[in-house]
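This report looks at aromatic rings and the nonpolar core around them. Please keep the sequence and the structure in view while reading.

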Amino acid sequence: MASAEDFAVAIGFEVEQQNFQLHTDRFLEPWVVRTYAATVRREWLSVVNSSPVLKARFIDVRNRHPAEFLSGNASCLPSLDSVLTDTTAVKKAYFSSFSTHDATERVVVWLPDSNGVVNWDPETRITVDVFLNPSQGADIGFFRMGHDYSINDASDSIERLQVSYLDKSRAMEGAYFGARSVGQITSDVLWAR
């Protein structure tokens with residue numbers, strides 16, 4: 001279950017995207033993001049809890065009542081400000097949140113630098129390792145424009161992302177890296193090299 005801090009990181013990541021336009025006359029302060037994230041999470045759980053259909057589905061998926069999550073991981077403390085004010089730290093935290101407990105595959109996300117360029121040079125590259133279950137794929141939002149992705153095989157040879165897909169039936173994303181894939185390959189292409 002996503003914490004309020006997970007919501008804040010996701011909001012911070014989206015605000016940093018190239019085509020995002022926030023109509024405000026001032027810089028978005030970290031405390032605003034933290035407060036907004038905690039409120040969105042609380043309201044989302046309240047809506048789920050008040051809807052019999054959503055509540056039943058929530059319990060089916062998580063085997064717990066949504067009300068149990070209202071107070072747990074609900075705070076978003078100022079200690080997160082150092083992440084929210086650093087674009088690279090926000091991106092690393094955002095992508096790291098996609099790692100799963102049942103992972104058997106390490107996907108490397110190559111992040112763009114401050115000029116929007118993804119560097120493959122060992123001295124200037126910015127990467128984050130994300131651990132995924134290859135039979136499941138990644139939650140929606142993992143494969144993003146402006147980033148690159150790779151998988152290292154046993155000999156440490158890099159296989160770069162060739163195509164990413166949307167699996168609408170499971171609300172997941174999949175990818176084909178050449179010799180290996182993560183998730184389901186479908187006809188809904190998100191991105192292709």
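With a relative accessible area of 0%, Phe 95 is buried, in a model that is predicted. Tyr 94 counts as buried too, because its relative accessibility is 6% and the limit for a buried residue is under 20%.

A pair of aromatic rings is described by the distance of the centres and the angle of the planes. The count of aromatic pairs comes to 14. In the pair formed by Tyr 94 and Phe 95, the ring centres are 5.1 Å apart and the planes stand at 80°, so this pair is edge-to-face.

## A second pair and the cluster

Phe 142 and Phe 143 also form an edge-to-face pair, with 4.8 Å from centre to centre and 85° between the planes, and both of these residues are buried. Ring pairs join Phe 142 and Phe 143 with Phe 13, Tyr 94, Phe 95, Phe 98 and Tyr 149 in a cluster.

Leaving aside residues up to four places away in sequence, Phe 142 touches Phe 95, Phe 98, Val 107, Val 109, Val 130, Leu 132, Tyr 149 and Glu 173.

## The nonpolar core

The largest nonpolar core has 33 residues, and those with the most contacts inside it are Phe 95, Val 107, Val 109, Phe 142, Phe 143, Tyr 149 and Phe 177. Two or more residues of this core come from each of helix H1 (4–16), helix H2 (30–50), helix H5 (87–96), strand E1 (105–110), strand E2 (127–132) and strand E4 (148–152). The element that gives the most to this core is H1, with six residues.

Methods: Residues are numbered from 1 along each chain as its sequence is written. This is a predicted model: local features need pLDDT of at least 70, side-chain atom pairs count only at pLDDT 80 or more; totals for chains, interfaces and linings use all residues. Side-chain values use heavy atoms; hydrogens and water are left out. Rings of Phe, Tyr and Trp (its six-membered ring) pair if their centres lie within 6.5 Å; planes under 30 degrees apart count as stacked, over 60 as edge-to-face and the rest as tilted. Buried means under 20% relative accessible area, exposed over 50%, partly exposed in between (1.4 Å probe, protein chains only). A nonpolar core is a set of buried Ala, Val, Leu, Ile, Met, Phe, Trp, Tyr and Cys residues joined through side-chain atoms within 4.5 Å. Helices (H or I, at least four residues) and strands (E, at least two) are DSSP runs, numbered from the N terminus. Contact means heavy atoms within 4.5 Å.
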